[in-house]
Amino acid sequence: MIGGVCVKAQTPLVYVGHAHNDYQQKRPLKGALENGFLSIEIDVFLKNGKLKVAHVPLFLGCKKTLEEMYLNPLQERIASNGGTVYKGDSTSLILMIDFKSPAEKIFPVLDSILRSFPDLFTKWENNMKTWGPLTIMNSGKKARKVLTSATSRNMVIDGNLRSGDMLGDQTVFQRVSANFTTEFTWNGEGEMSRAERQKLQNLVNEAHANGKTIRFWKTKDQPAVWKVLLDAGVDWINVDYLSKFRTFYLDYTDD
C-alpha cells in the first residue's frame, strides 16, 4: 500500500528506467513503482520553509511537499517490504531532485528533511558508503560546492557530461547526463548514422571507464530511440510513457 492505495509488486528494471518529471504523471510514484523504475525525477521549490513538488512556481501553496508525495509513502512501502523498495531486491531507488530555488536556501532545508528519516537514505562518511533503500541525487550544479567539499553527506550528483564531472570523484558524481539534441542530429526517424552511433558508443564507454553511469535527456519517447540507447549500453533511459517502456524493455531483454 502507498498512501492507502495498493501498488502491484513488480520486478525492478535495474539501472534502466528513469521516470522523467514523475510528479507530472497521472499517478506520481505509484506508476513508477508499478513499472519497476529505479530512478525518479522530482523538481522542488522552496515555499514558506517547505519543499513543494512542482514544475513551475505557480500556486505553490496548493502543491504537495516532498514528504507528502514521495518520502512518507516510500517510508511506508520500505517498512512493509522488510527494508527495501522492491521486495527481495536491495537495489537503492534514486530520487533525482532538481533544485528550482536558490541552492543556498534549499539545501539546508532538504538536508534537515533527509536527516529526519533515519536509515532511509544512502550516506557517505569520508567516502565510506552506508547503504540505504533510497539514494538522493542532486541534478545539476546547484549543490556542487557543498557536496564536493563535505566529508559527511546524504546526496550524490547527476553531473554534466560536457564538464569536468566526467572525471570527478565517482562517489560524488555517480551519473553524468546530457541533452541528446545537442549531441546528436538523429531524431528517431530512419537509421542513426554510423558516425553518430560511434559517438554515442564512445561517450558510453568513457562514462563507464570513469566509474559513472550515463543518461540522456530530451530524447524522443519511442521504441526506436530506446533500442539505440540500450544497444549502446546507456544505463538510464529518460521515460514519460512508463508502462509502454516496461513492455518494450521486457521484450528487448527476451530477444
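Me: Two strands pair if DSSP finds at least two bridges between them. What joins β2 to β3, and which way do they run?

Reply: In this predicted model, local features need pLDDT of at least 70, side-chain atom pairs count only at pLDDT 80 or more, and totals for chains, interfaces and linings use all residues. Residues are numbered from 1 along each chain as its sequence is written, and side-chain values use heavy atoms, without hydrogens or water. Strands here are DSSP runs of E with at least two residues, helices are runs of H or I with at least four, and numbering starts at the N terminus. Four bridges join β2 to strand β3 (residues 50-53), and the two run antiparallel. Four bridges meet the requirement, so β2 and β3 count as a pair. Lys 47 has Lys 50 in β3 as its bridge partner.

Me: What do β2 and β3 form, and how many residues lie between them?

Reply: They form a hairpin with two residues between the strands. Asn 48 is in that turn.

Me: What makes the phi of Asn 48 worth a remark?

Reply: Phi of Asn 48 is near 55°, a positive value in a residue other than glycine. Most residues other than glycine have a negative phi. Asp 119 also has a positive phi, of about 70°, although it is not a glycine. Asp 119 is found in the loop between α3 (103-115) and β5, whereas Asn 48 lies in the loop between β2 and β3.

Me: Is Asn 48 buried or exposed, and how do you know?

Reply: Buried is under 20% relative accessible area, exposed is over 50%, and partly exposed is in between (1.4 Å probe, protein chains only). Asn 48 has 72% relative accessibility, so it counts as exposed. Asp 119, with a relative accessible area of 67%, is exposed too.

Me: Why is strand β2 called mostly covered?

Reply: In β2 (residues 39-47), seven of the nine residues are buried.

Me: What joins β2 to strand β1, and what joins β2 to strand β4?

Reply: Two bridges join β1 (residues 17-19) to β2 in a parallel arrangement, with Ile 40 as the partner of Ala 19. Six bridges join β2 to β4 (residues 93-99), also running parallel, and Asp 43 stands opposite Asp 98 in β4.

Me: Why are α7 and α8 called oblique to each other?

Reply: Axes are lines fitted to C-alpha atoms, for helices over the stretch in contact, and angles between N-to-C directions run from 0 to 180 degrees. Under 35 degrees is roughly parallel, over 145 roughly antiparallel, 65 to 115 roughly perpendicular, and the rest oblique. The axes of α7 (residues 223-232) and α8 (residues 242-254) cross at roughly 50° and come within 11 Å. That angle falls in the remaining class, so α7 and α8 are oblique. In contact (heavy atoms within 4.5 Å), Pro 223, Trp 226, Lys 227, Leu 230 and Asp 231 of α7 meet Lys 244, Phe 245, Phe 248, Tyr 249 and Tyr 252 of α8.

Me: What makes α6 oblique to α7?

Reply: The axes of α6 (residues 194-209) and α7 cross at roughly 50° and come within 9 Å, so α6 is oblique to α7. Arg 197, Leu 200, Gln 201 and Val 204 of α6 make the contact with Val 228, Leu 229, Asp 231 and Ala 232 of α7.
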